[in-house]
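Let us walk through this model one piece at a time. Keep the sequence and the 3D view side by side.

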Amino acid sequence: MKILVLNAGSTTLKFQLLNMEDEKVIAKGNAERIGDSGSFLTYKANGKSTTTNLVMPTHVEAMQFILDSLTGKENGVIKNVNEIDGFGHRVVNVGEDYFDSVLISNKTLEDFKKNVDFAPLHVPAALSGIEACLKIAPKIKNVAVFDIGFHKTMPEHAYRYAIPKNDYEELKIRRYGAHGTSHRFVSGEAIKHFGFGKNSKIITCHLGGGCSMCAVLDGKSVDTTMGFTPLEGLVMGTRSGDLDPAVINFMCDKKNMTVAECINYLNKKSGLFGMCGYSDMRDIESNLNNPDVKLAFDVMCYRIVKYIGAYTAAMGGLDCIVFTGGIGEHDNMVRANVMDALSYMGLEYDKEVNKNNFGDQEELTTKNSKVKVVVIPTNEELVIARETKQLIK
């Protein structure tokens, strides 16, 4: 069985084709700058990588070029589109009715369109990817896998906000979280790696352009840092993270902004970038002699440490911390800063092992450490492929 996993952005369409017999990636790539004159497709298969400039006004053209590459004579990996058994799509959040992965039908597609407001920066792109597949290959089944899915197990006292019950029930304002496929994958891998039994207490740290953490008790999400949208929680590349909501009214008044403009400011012009002008950790760590840059780095790490303390208390203990995502997997300075702050927990780590780890699955802590720390590369595409396989059988 072959599954094509798709992750659509507003101007991108990432893809991976997996053989589900051995769960290996057959081909992968990314269509970029969709809708722009400089659009191009990166395609990797059979040990070769190519980048081709192509005209892609919409996701439909991008999808067609992806399928053309997969079936091409020079570096194709399948004879025709019918060898693909299903399309698995990443969908962030379309409300409480859709936590579990679902086969896409006309009804679900209409429901998704009605609930774009739950993730307005992400869902429209996912819909473009889904509709492109339906138009080009209408006989192949499509499955939506939701970023919020893993967080379905959060108890009500963790996901409810302290607002009137009627507004929660009518508007579905609550904590949803995100990055669920990542948190699910790496927590499961940590349980296998350490041989944890029941009631394992794990905190997963997905740190990248977007950052979130998850408290995982006995393999189930019981709390997470992102909230109604991915704006809440940790300091991120361009997102502010936690903020007094009254700031929005204050800024709208003082800077003559609309609410929409202010939310855009908090999503795209704040976070690390807003504090110091850099959003890439490589740039930040190259300029730590600049006080503003050093402060941004410290604020980000402090927020991670603070949530680890909170989630340890919420779960009544801690067995393991997992670092994943672009920063979590590759940035030894962030990991070191966080682990140094947790020595009071009895956390001991090998500084050389941490310094030399740039993305390999590896334990960072010593044998005597009371809390284990491990780097585990995330694999959200595999989770989506597995979910798709289960639903199209």
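Is aspartate 218 buried, partly exposed or exposed? Aspartate 218 is partly exposed, because its relative accessible area is 31%. Here buried means under 20% relative accessible area, exposed means over 50%, and partly exposed lies in between, with a 1.4 Å probe and protein chains only.

A word on the source. This is a predicted model, in which local features need pLDDT of at least 70, side-chain atom pairs count only at pLDDT 80 or more, and totals for chains, interfaces and linings use all residues. Residues are numbered from 1 along each chain as its sequence is written, and side-chain values use heavy atoms, leaving out hydrogens and water.

Back to aspartate 218. It sits in the loop between β10 (211-217) and β11 (220-224). Helices (H or I, at least four residues) and strands (E, at least two) are DSSP runs, numbered from the N terminus. The phi of aspartate 218 is positive, about 55°, although the residue is not a glycine. Most residues other than glycine have a negative phi.

Asparagine 199 also has a positive phi, near 65°, and is a residue other than glycine. Look for asparagine 199 in the loop between α6 (180-194) and β9 (201-207). With a relative accessible area of 47%, asparagine 199 is partly exposed.

Now turn to a helix residue. Asparagine 267 belongs to helix α8 (residues 259-268). Its relative accessibility is 11%, so asparagine 267 counts as buried. Leaving aside residues up to four places away in sequence, asparagine 267 touches Leu121, Leu231, Thr238 and Arg239. Contact means heavy atoms within 4.5 Å.

Next come two helix pairs. Start with helix α2 (residues 106-114) and helix α3 (residues 123-136). They pack at an angle of about 155°, and their axes are 10 Å apart. Axes are lines fitted to C-alpha atoms, for helices over the stretch in contact, and angles run from 0 to 180 degrees between N-to-C directions. α2 and α3 are therefore roughly antiparallel to each other. The cut-offs are these: under 35 degrees is roughly parallel, over 145 roughly antiparallel, 65 to 115 roughly perpendicular, and the rest oblique. The crossing of α2 and α3 is left-handed. That is, the near helix is turned anticlockwise from the far one by less than a right angle; clockwise would be right-handed. From α2, the contact uses Leu109, Phe112 and Lys113; from α3, it uses Val123, Leu127, Ile130, Glu131 and Leu134. By class, this contact has six nonpolar, no polar and two charged residues. Ala, Val, Leu, Ile, Met, Phe, Trp, Tyr, Cys and Pro count as nonpolar, Asp, Glu, Lys and Arg as charged, and the others, Gly among them, as polar.

The second pair is helix α11 (residues 291-315) and helix α13 (residues 332-341), which pack at an angle of about 50° with axes 9 Å apart. That makes α11 oblique to α13. Their crossing is right-handed. Among the contact residues are Phe297, Asp298 and Cys301 of α11, and Met333 and Asn337 of α13. The contact divides into nine nonpolar residues, one polar and one charged.

How many disulfides does the structure hold? It holds zero. A disulfide is a pair of cysteine sulfur atoms within 2.5 Å. For cysteine 211, the closest cysteine sulfur is in cysteine 205, 9.7 Å away and too far for a bond. For cysteine 320, the closest is also in cysteine 205, at 9.5 Å, again too far for a bond. Cysteine 211 counts as buried, at 0% relative accessibility. Cysteine 320 counts as buried too, at 0%.
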